[in-house]
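Visitor: I am new to this one. Please show me the structure, and then let me ask about it.

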Amino acid sequence: MFEIGNSLREARHRQQLDLTDVEQATKIRSRYLRALEEEAFDVLPAQTYVKGFLRTYADWLGLDGQLYVDEYNSRFGTDEEPREPVVARRTAGVHQRHARLARRGVLIALGAIAVLCALVIAAFKFSGGGDKGQIPNLGPSTTTTSAPHKQKKQTRKHVVRPAKARIFVLAANGASWMDVRNYSSNGKTLFTGTVDKGQSHGWTARRLWINFGSPSNVKVVVNHRVVPIPGGGVSVTVLVTPTGIVRAPAGA
């Protein structure tokens, strides 16, 4: 069990963000974001809003939103009567209206096509197109040549990849010892110690060298995307880049 509000607040402070910045990005009002960080869930209208806002806020901060929803359910969740039948009835009514509009649109389209065909046939007969004579101003041996098609230059879409990785590590399942260094094992030490359950740390770098003491206890998010830690066991050493995580080769 970890503190939902403190974990969200710490993640936001590490990124030097104000609640107004998060509100503009997530479209969630500041007072609701503050209520999530203070665990004042009764401020929100219903549990459905709490779970939705909690998942959106955590995911935007680079955390595992589902993990926070599960923690909320285990601590504060109550049995609520499902509202699916009401939604289903409304959805069925919408589908029926759409079906009627679609059939009406098909009938209108068929009528328009019939009118257009009649106009084309009438114009063809009026201009003498029904005669089998030759087309005026063209001799029998006249041939038309089509202009060569200009080859269109194919443009390649360049995929812009982030130059740096925004990395967050959350001790979700238990404590884990970590040794974090910049770029390689010989790089500058950024963190060394044990991360207790519920705590998280974040860094922004081109590449990180990380040794995990208990990799199964942590969740890793790279550029707002949860990525699995390769390997496993008691400890593992990895390299983290903007594209993901790979096991660190010997001497890296």
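Visitor: Is Arg75 buried, exposed or partly exposed, and what is its relative accessible area?
Guide: This is a predicted model, where local features need pLDDT of at least 70, side-chain atom pairs count only at pLDDT 80 or more, and totals for chains, interfaces and linings use all residues. Residues are numbered from 1 along each chain as its sequence is written, and side-chain values use heavy atoms, with hydrogens and water left out. Buried means under 20% relative accessible area, exposed over 50%, and partly exposed in between (1.4 Å probe, protein chains only). Arg75 is partly exposed, because its relative accessible area is 30%.

Visitor: Which residue forms a salt bridge with Arg75?
Guide: A salt bridge puts a side-chain nitrogen of Lys or Arg within 4 Å of a carboxyl oxygen of Asp or Glu. For Arg75, the closest N and O atoms are 3.9 Å apart. Both partners lie in helix H5, 4 residues apart, about one turn of the helix. The partner is buried, with a relative accessible area of 11%: Glu71.

Visitor: How far apart are the end C-alpha atoms of helix H5?
Guide: Helices are DSSP runs (H or I, at least four residues), strands are too (E, at least two), and both are numbered from the N terminus. The expected span is 1.5 Å times one less than the number of residues. Helix H5 (residues 65-76) has 12 residues, so it should span 16 Å. The model agrees, with the end C-alpha atoms at 16 Å.

Visitor: What do the buried residues of H5 pack against?
Guide: The buried residues of H5 include Leu67, Tyr68 and Tyr72. Contact here means heavy atoms within 4.5 Å. The packing partners are helix H1 (4-14), helix H4 (47-60) and S1.

Visitor: In S4, what is the bridge partner of Arg166?
Guide: Two strands pair if DSSP finds at least two bridges between them. Strand S1 (residues 165-171) and S4 pair in the antiparallel sense over 6 bridges. They belong to an open sheet of 4 strands, in the order S4-S1-S6-S7. The partner of Arg166 is Thr204.
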